[in-house]
Amino acid sequence: MKSSADLRELLNRIDHKGYPAYKDTRGSWQFEGYVLSIDHVQGDPFAAPSKVSVHVPGKLAGFPAELYDLKHKRIALQDYLIRQFSRQVQAFTFKAKGSGKSGLISVSHCGQEILERTACEIDKNGSLSTRMEIGFPANGRTINARELCKILFEFLPGCVKKSLYYRSLDEKSVHKNKELSEDQEFIRNELCRLNLAAFVANGAILPRESGVSDRPLKHAVPFTSPKSMELTLNLPNHGTITGMAVPKGITLIVGGGYHGKSTLLKALELGVYNHIANDGREFVITDSSAVKIRAEDGRSIRNVDISMFISNLPNQKDTVHFFTEDASGSTSQAANVVEAIEAGSNLLLIDEDTSATNFMIRDELMQRVVNRDSEPITPFIDRVQELYSAYGISTILVAGSSGSYFHKADFIIQMDHYLPKDITEFAKKEAHAFPLPANSAVPASKPSVLRPVNPDEAFRKNDRIKIKIQGKDSIVINRDPIDLRSVEQLTDSEQLASLGQLVKYAQLHLFDGTRTLGEICRELGNLLDEKGISFVCNGSYAAGGFALPRTQEIYACLNRYRGLKL
Ligand code: ADP
Ligand code: MG
């Protein structure tokens with residue numbers, strides 16, 4: 001392998017030349033203690049920055065195997081190292097000068113959730129790869145190699161040394177990080193063992209600082225479980241912890257406006273991910289397959305069997321193979337439920353604030369006036385128990401304005417000044433006086449999910465496939481936008497970056513006219529498991545900037561892809 005001295009010599013040689021001469025720096029260079037790999041060189045100083053990675057062999061990195069021998073610990077360590085490295089690098093970004101993006105050094109910005117990312121990968125030998133972007137400096141389009149030397153020979157070695165070797169990190173905090181991941185994993189396993197949908201620890205801080213900050217709200221009322229729902233767990237590191245256990249089944253969250261209902265639900269939505277220390281939601285853990293269900297007017301629905309909720313439409317439209325480019329509130333919410341079933345979800349999370357009322361309930365007076373035969377919608381309330389008994393799918397539902405669900409719920413929690421009260425018994429008793437009209441809905445057959453996806457020849461012929469990510473909102477693939485604003489459990493734009501690549505991979509390799517959408521999603525999941533997250537880079541060089549989405553979001557993305565040929 002060429003040495004760092006060779007790189008320095010090369011840089012001296014190309015100084016003041018035209019920008020394309022930077023391309024010669026591509027390749028691997030041996031530095032003291034690590035290999036610097038220049039994986040992709042930008043075309044000009046204004047283009048997307050160059051992709052650079054640092055590889056530290058396991059022996060030198062020196063992390064004890066117990067820090068990464070299991071998946072949850074490995075992901076936690078990777079996350080920890082990205083944050084450390086990113087902190088180091090921040091001090092040096094744009095310290096080297098030049099035009100356009102010259103001097104930029106950028107590593108993934110991690111939020112409150114701990115995600116698997118291409119920014120840092122640790123293999124089974126403890127060797128680690130860290131990936132970043134660097135703007136190779138130039139004045140105009142003339143190479144300024146001395147500035148790049150500053151970055152590669154002064155700034156970066158210091159950052160690497162301070163953050164990617166076990167011996168230079170604070171041992172206590174690295175181990176604390178691992179211990180938290182063990183405790184979180186322990187709770188996840190306990191949810192399964194004890195048949196729970198979620199666990200919310202006493203003392204948890206659920207509300208966030210603001211609509212634009214995910215940090216914990218200061219001076220918030222800490223969560224405290226009602227006595228009757230309390231569960232004490234003995235975590236391997238933290239020791240005993242007490243909190244609210246939400247059993248499987250149907251749980252209703254009620255309460256006056258502004259008493260903290262949606263805040264609790266939101267915390268449960270994100271409880272599918274682990275959170276970093278001091279987030280306040282470290283021990284808010286939800287069934288990992290949970291899916292937030294909401295109305296999503298305007299979405300496209302492609303061949304989804306929504307007949308368990310909607311049938312006999314006035315225009316004779318087929319609801320077993322339902323298509324629309326512009327769904328209504330109720331049809332979109334119906335499709336979201338059916339797609340969540342297909343995606344293997346065991347828990348639906350619903351907030352009345354973002355639901356279509358006619359999808360959720362139909363009151364008695366309306367049932368008398370407009371009889372069943374002329375109403376195409378079987379509301380969710382008539383299916384919620386069936387979802388649990390027939391498919392084992394639980395529901396946690398926020399409903400502050402309609403008492404109808406009292407009859408259907410197994411557990412009823414009232415949020416009162418941000419504190420949950422168990423009012424199951426009281427609410428059930430009161431509900432006796434207001435019986436529901438008989439449920440006339442006949443049990444539905446399991447939604448049919450056979451949806452083979454056809455190949456798109458035009459897509460395969462076009463070798464310049466353009467993928468654009470717009471924050472957490474959407475992905476544009478060539479000209480087709482995939483609107484993901486309502487897929488609320490996507491928590492990082494890097495997850496969308498991965499989804500874009502996965503759709504591209506599926507277009508090129510998996511849409512073949514025989515594989516169904518479900519099989520395609522499962523195959524993508526298997527490939528990610530087998531090959532690791534850098535599989536999303538689609539066979540070209542691995543780059544930073546991609547985070548792993550859950551299977552449920554892969555489904556959600558493909559289901560909203562208007563370019564899908566079904
Ligand atoms: P609801 O859905 O019941 O109407 P929200 O969950 O939207 O109420 O909460 C209303 C407001 O109260 C929000 O601004 C939220 O940040 C704040 N809030 C929620 N939980 C707490 C808490 N535990 N302590 C302090 N403020 C809270
Ligand atoms: Mg609300």
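This report describes a magnesium site, a ligand site and a surface patch in a predicted model.

## The magnesium ion

Two residues coordinate the magnesium ion (ligand 2): S262 through its OG atom and D353 through its OD atom, at 2.1 to 2.3 Å. These two residues come from distant parts of the chain, 91 residues apart. S262 belongs to helix α6 (residues 261–270), while D353 sits in the loop between β22 (347–351) and α8 (357–360).

How exposed is D353? Its relative accessibility is 56%, so D353 counts as exposed, the cut-off being over 50%. S262 has a relative accessible area of 29% and is partly exposed.

## The site of ligand 1

Ligand 1 is surrounded by 13 residues, and the closest are V221, Y258, K261, S262 and T263. S262 also coordinates the magnesium ion.

Several polar atoms of the protein lie by oxygen atoms of ligand 1. For S262, a polar side-chain atom is 2.8 Å from a ligand oxygen. For G260, a backbone N or O atom is 3.1 Å from one. For Y418, an N or O atom of the side chain is 3.2 Å from one. On its own, ligand 1 exposes 560 Å², and the protein buries 78% of that area.

## The nonpolar patch

Which residues form a nonpolar patch on the surface? They are V221, Y258 and Y418, and together they have about 350 Å² of accessible area. V221 lies in the loop between β13 (213–216) and β14 (230–235). With 35% relative accessibility, V221 counts as partly exposed.

V221 and Y258 are also among the residues closest to ligand 1, and the side chain of Y418 has an N or O atom 3.2 Å from an oxygen of that ligand.

Methods. Residues numbered from 1 in each chain as written. Chains lettered and ligands numbered in written order. Predicted model: local features only at pLDDT ≥ 70, side-chain atom pairs only at ≥ 80, totals over all residues. Heavy atoms only, no water. Donors = N, O, S within 2.8 Å, 3.2 Å for Na, K, Ca; no water. Helix = DSSP H or I, 4+ residues; strand = E, 2+ residues; numbered from the N terminus. Buried < 20%, exposed > 50% of the residue type's maximum accessible area, 1.4 Å probe, protein only. Patch = residues over 30% accessible without salt bridge, like charges linked within 9 Å, V, L, I, M, F, W, Y side chains within 5 Å. Areas by Shrake-Rupley, 256 points an atom, 1.4 Å probe, with all protein chains shown as cover. Salt bridge = Lys/Arg side-chain N within 4 Å of Asp/Glu carboxyl O. Near = heavy atom within 4 Å. Polar contact = N/O pair within 3.5 Å; in protein donor to acceptor, adjacent residues only side chain to side chain.
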